[in-house]
Amino acid sequence: MGELRLMKGNEAIAEGFIRAGVDAYYGYPITPQSEVMEYLMAEKPEERTGMVVLQAESELAAINMVYGAACTGKKIVTSSSSPGISLMQESFSYIAGSEVPAVVLNVVRGGPGLGDIQPAQSDYFQSTKGGGHGDYRQIVLAPSSVQEMYDFVNLAFDLAFKYRIMVLILSDGAIGQMMEKVMLDEQKPRLTNQEIKDRFDSWALTGRTPGREHNIITSLDLDQENLERHNFHLQKKYKEIEENEVILEEVSLEDAEYVFMAYGTSARICHKALQIARKEGIKVGLLRPITLWPFPEKKVKELASKVKGFLSVEMSAGQMIEDIRLAVEGKTKVAHFGRYGGVIHSPEEVVAALKSKIIGG
Amino acid sequence: MAEIKLEDIIKPENLVFQKTKLFTDKPLSYCPGCGHGVVHRLILEAIEELGIESETIGVAPVGCSVLAYEFMNIDIAQAPHGRAPALATGIKRVYPEKFVFTYQGDGDLAAIGTAETIHACNRGENISIFFINNGIYGMTGGQMAPTTLPGMASSTSPYGRDVASMGHPLKMTELVANLPGTRFVARHAVHTPALVRKAKKAILKAFENQKENKGLSFIEIVSNCNSGWKMTPVKSNQWLTENMLEYYKLGTLKDE
């Protein structure tokens with residue numbers, strides 16, 4: 001039986017962590033996502049499911065608690081906002097290199113530096129291209145509603161364990177702070193230690209089971225030939241993800257001559273802009289990537305030969321537009337319309353930008 | 001006198017020492033004369049004697065002992081530089097019944113990882129921290145460490161550590177002994193057989209404390225780095241006795 005509640009995005013995802021049977025949350029306060037840990041602490045998940053919630057001394061410590069615990073095959077999560085996520089990048093690289101499953105939430109705020117505490121989408125590069133060192137990828141999910149904040153917890157863990165990879169839920173200050181109705185599902189039980197051993201004993205640190213080799217979680221290999229082989233293996237995995245895990249939403253694309261491309265909060269603005277433009281007789285559709293990596297390259301390629309132009313609507317100075325351009329390969333017009341530093345576009349100005357930058361541009 | 005044959009000597013009843021089964025067969029990467037190998041052995045012997053090898057999860061650092069996971073035949077993770085106590089916290093909190101330890105050098109624990117060390121100690125995590133202090137960054141080629149003694153030369157303090165500009169050597173063990181979260185804090189050394197036996201007892205106690213849910217045990221081992229100090233192993237142990245142990249006094253600082 002589902003349960004309908006009115007919740008903030010940050011609260012909904014925190015409730016999602018508990019109901020998904022997450023084993024531990026390690027975090028550090030930062031606006032605009034502190035409600036995640038506040039909600040968890042108030043809910044006493046230790047009593048509800050036995051889930052651990054611990055406030056760390058820094059984002060560095062938080063992500064490394066996540067890394068350690070994720071090495072054991074348990075379901076582990078943290079959350080932060082842009083400056084805190086920057087601090088965690090080193091460990092994202094370790095998590096990628098040593099192939100452990102983990103989930104991280106970034107409720108993005110304006111940057112660079114300490115920036116502000118308003119919603120932004122200026123962490124797209126960092127999220128999809130790798131803010132840490134080395135050739136690595138992480139799956140990036142972009143919710144655009146409170147319901148999706150909640151729903152993407154299970155999706156993120158499914159993908160994280162399927163590929164032993166980090167999944168980043170890339171939200172923003174608007175989705176985190178706004179209240180909407182959300183349908184909650186049943187409590188999933190946490191896996192028992194025996195179930196974890198049965199499923200993940202081939203790699204996880206569960207204590208060396210008699211009869212098996214010791215399990216080692218490391219990202220180090222001082223032999224360059226071996227490290228190259230490891231990188232080949234990672235790239236093969238990333239290719240498989242690119243081929244199989246793209247998720248997107250299409251709105252009114254069937255007859256579209258123009259395409260808004262946007263995710264998260266800016267996709268919500270584009271929904272409204274689309275309605276305004278359609279009333280004016282402009283045939284515009286919306287392509288909303290739900291996975292930012294893997295990027296919906298094939299869909300963009302397919303549309304590129306049909307439409308007259310793409311408008312990348314981002315709360316940034318233009319980051320996703322680079323992926324659109326790469327996929328479009330010059331076949332049609334691509335322009336960017338951004339508001340940044342924590343400012344959100346109005347639907348009217350998005351329509352005006354479509355007219356000036358694409359239709360008339 | 002009757003001739004003594006080798007096969008008469010090699011008998012189980014004559015066996016006085018053997019390599020613990022928890023050592024893998026990989027040759028140690030440490031310089032001959034270094035204390036790391038001895039401390040590895042003591043930790044592994046303690047785990048074997050307590051019969052907890054399938055219940056133990058270790059965390060290796062960055063530094064000379066970064067490859068500790070190659071030598072220790074237990075489940076083990078390798079942490080980013082300085083973050084071993086955070087990994088150990090993460091592991092222990094989701095597996096409170098397991099034995100969790102970190103193995104860290106002085107650069108890892110007392111410089112880049114100071115915050116993680118102090119906060120894990122202050123929270124009283126029920127883990128064991130084994131801290132090997134040789135007063136230098138060995139792996140990267142002998143640079144000044146937070147624990148390098150005043151006046152001691154290193155590749156980044158070639159004229160000796162000048163405390164006025166480079167700061168003072170950090171006594172982490174004294175520092176964490178002051179925190180209410182720690183239960184057992186001691187400083188040992190392993191350059192004589194008698195000291196090796198004492199260190200072993202402390203390491204055993206650190207694991208036993210976890211079993212009794214007593215909280216954090218912090219064992220510093222003052223060790224030599226003959227390569228980094230540019231001395232023979234024998235000379236480095238003399239120097240350790242005359243200099244390191246003057247500054248880093250051996251003994252139990254706290255046992256509650």
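Leu6(B) counts as exposed, because its relative accessibility is 56% and exposure requires over 50%. The structure is a predicted model, and the values given here are computed from it. Leu6(B) belongs to helix H1 of chain B, which covers residues 6-9. Together with Ile4(B), Ile9(B) and Ile10(B), Leu6(B) makes a nonpolar surface patch of about 450 Å².

**Aromatic pairs**

Over all chains, a search of the whole structure finds 13 aromatic pairs. Two of them are set out in the table, with the distance between ring centres and the angle between ring planes.

| Ring pair | Distance between centres | Angle between planes | Arrangement |
|---|---|---|---|
| Phe200(A) and Trp203(A) | 5.8 Å | 50 degrees | tilted |
| Tyr247(B) and Tyr248(B) | 5.0 Å | 75 degrees | edge-to-face |

The pair in chain A is classed as tilted because its planes stand at 50 degrees, whereas stacked pairs have planes under 30 degrees apart and edge-to-face pairs over 60. The planes of Tyr247(B) and Tyr248(B) stand at 75 degrees, so this pair is edge-to-face.

Phe200(A) and Trp203(A) are both buried. Ring pairs also bring in Phe161(A), linking Phe161(A), Phe200(A) and Trp203(A) into a cluster.

Tyr247(B), with a relative accessible area of 24%, is partly exposed.

**Charges over rings**

Tyr247(B) also takes part in an arrangement of another kind: the charged end of Lys171(B) sits over its ring, 4.3 Å from the ring centre.

Val62(B) is located in chain B, in the loop between strand E1 (56-60) and helix H3 (68-71). Its relative accessible area of 23% makes Val62(B) partly exposed.

Which residues is Val62(B) in contact with, leaving aside its neighbours within four places in sequence? In chain B these are Gln78(B), Ala79(B), Pro80(B), His81(B) and Asp108(B), and from chain A there is Tyr94(A). Of these contacts, Ala79(B) lies 17 residues from Val62(B) in sequence, while the C-alpha atoms of Val62(B) and Ala79(B) are 6.9 Å apart in space.

Terms used:
Residues numbered from 1 in each chain as written. Chains lettered and ligands numbered in written order. Predicted model: local features only at pLDDT ≥ 70, side-chain atom pairs only at ≥ 80, totals over all residues. Heavy atoms only, no water. Patch = residues over 30% accessible without salt bridge, like charges linked within 9 Å, V, L, I, M, F, W, Y side chains within 5 Å. Areas by Shrake-Rupley, 256 points an atom, 1.4 Å probe, with all protein chains shown as cover. Salt bridge = Lys/Arg side-chain N within 4 Å of Asp/Glu carboxyl O. Helix = DSSP H or I, 4+ residues; strand = E, 2+ residues; numbered from the N terminus. Buried < 20%, exposed > 50% of the residue type's maximum accessible area, 1.4 Å probe, protein only. Phe/Tyr/Trp six-rings, centres within 6.5 Å; stacked < 30°, edge-to-face > 60°. Lys NZ or Arg CZ within 6 Å of the ring centre and 35° of its normal. Contact = heavy atoms within 4.5 Å.
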